[in-house]
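This report describes selected local features of one structure, with the criteria behind each term. The sequence and the coordinates are shown first.

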Amino acid sequence: MNSERIKIATCTIEVKNNDKETSESTKYSKSSIKKTDVEAAKVTNNNQQRFEIMKEIINKVILNSTDVLILPAGFFEYRKQCAKKELVEMATYVKNYISEKMSLLTVCFGFDYDYDDDSKLMRSQLAVAVNEDGIQGIGRKFYPTSEEKNVIKYALPFDKEENYSRIITIKNKKIYLAVCYDAYGIKKGGGKNNPIKKPEGGIDMVFNLIHGFVKRGKGSGDFYAVKHGMGGASMVWNCPVFGSAKYMMGRKINLKWHTGVMWGDYYNPNKNWGYNDNNILNKQSEDIPFEAKSDYENGNMRFFEI
């Protein structure tokens, strides 16, 4: 693994349960939430408001000399079938803001579009990395849930998107962009008990942009995602995995959930793994809470230097 150190900020967002919890796609009641990771992402606001929140977060992380900020999957959402123009526009907004701040920061954020009325899923789910020079990489989800498989447009694990690789480089470290369930796919996407093989040249770390967690019983929980998703990817690729997510529908941020994971017992999938087995704990900072000016979202930042 490359010896040059990189400072990473993971950002967990709590969407407060109030009347402003609407999405550009539609409105949802608690009873309408399905047990899919993407369905949980619908509780967002308009994208201009999201960009304002992003700017607040950027302002905070650059004070800590951060190299990269990881935001959740589905951070921006568009109902329309084709949102290539909007993707370029949003990436330009982010690029210009980073340049305005004279920062070397790279921002990784989720960008979902093409809403399906029947399934209430976003057909296109992307992870996008942008710095002062513009788009550095895009990854499309490659490992759908069972509910998504016949609905969403998914890629192969190393496909390019709009001619951008999903493997980005920051400080000579090769980083794989994963969208939500892609972390599970790294562990078993090559078939039963058959992980995806690392590309030639290797991967130094994975950024796993997760859509979110709702109330218990309404989808995969945070510990499950850490142990079997992020942890599984860390185990088979023998590298750290960093994640971000939203907590929604009245669920408070669980400060115990780990946004960085390094599997401690390489290639021992039967290990009764717990948070105390996470080998990255000594690399992280104390939690830094923030309250967005939007008055309906707050969150928690955590910094890692590795």
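In helix α2, the residues Glu86, Leu87, Met90, Ala91, Val94, Tyr97 and Ile98 are buried, where buried means under 20% relative accessible area, exposed over 50% and partly exposed in between, for a 1.4 Å probe and protein chains only. Viewed down the axis of α2, these buried residues fall within an arc of 130°, so they line one face of the helix; the arc is that of the directions from the helix axis to the C-beta atoms. Lys85 and Glu100, on the other side of α2, are exposed.

The model is predicted: local features need pLDDT of at least 70 and side-chain atom pairs count only at pLDDT 80 or more, whereas totals for chains, interfaces and linings use all residues. Residues are numbered from 1 along each chain as its sequence is written, and side-chain values use heavy atoms, with hydrogens and water left out.

Helix α2 comprises 17 residues (84–100) and spans 24 Å from its first C-alpha to its last, close to the 24 Å expected at 1.5 Å a residue. That expected span is 1.5 Å times one less than the number of residues. Helices (H or I, at least four residues) and strands (E, at least two) are DSSP runs, numbered from the N terminus. The packing partners of the buried α2 residues are α1 (47–61), β3 (76–78), β4, β5 (121–131) and β6 (134–140).

Met102 lies in the loop between α2 and β4. Its phi is near 50°, a positive value in a residue other than glycine, and Met102 is exposed, with a relative accessible area of 75%.

Asp114, in strand β4 (residues 106–116), also is not a glycine and has a positive phi of about 70°. Asp114 is buried, with a relative accessible area of 2%. Its side chain makes polar contacts with the side chains of Arg123 (2.7 Å) and Lys153 (3.1 Å). A polar contact is a pair of N or O atoms within 3.5 Å; within protein, one must be able to donate a hydrogen and the other to accept it, and residues adjacent in sequence count only if both atoms are side-chain atoms. Not counting residues up to four places away in sequence, Asp114 touches residues including Tyr78, Lys80, Leu121 and Ser124, contact meaning heavy atoms within 4.5 Å.

Ala129 belongs to strand β5 and is buried, with a relative accessible area of 0%. Leaving aside neighbours within four places in sequence, its contacts include Thr106, Cys108, Ile135, Ile168 and Leu177. Ala129 and Gly139 are ten residues apart in sequence, and their C-alpha atoms are 8.9 Å apart.

Ring pairs link Phe75, Phe76 and Phe109 into a cluster; rings of Phe, Tyr and Trp (its six-membered ring) pair if their centres lie within 6.5 Å. The whole structure holds 17 aromatic pairs.

The table lists charges over rings, a term requiring NZ of Lys or CZ of Arg within 6 Å of the ring centre and within 35 degrees of the ring normal.

| Charged residue | Ring | Distance to ring centre |
|---|---|---|
| Lys7 | Phe303 | 5.7 Å |
| Arg50 | Phe75 | 4.9 Å |

Technical notes: Rings of Phe, Tyr and Trp (its six-membered ring) pair if their centres lie within 6.5 Å; planes under 30 degrees apart count as stacked, over 60 as edge-to-face and the rest as tilted.
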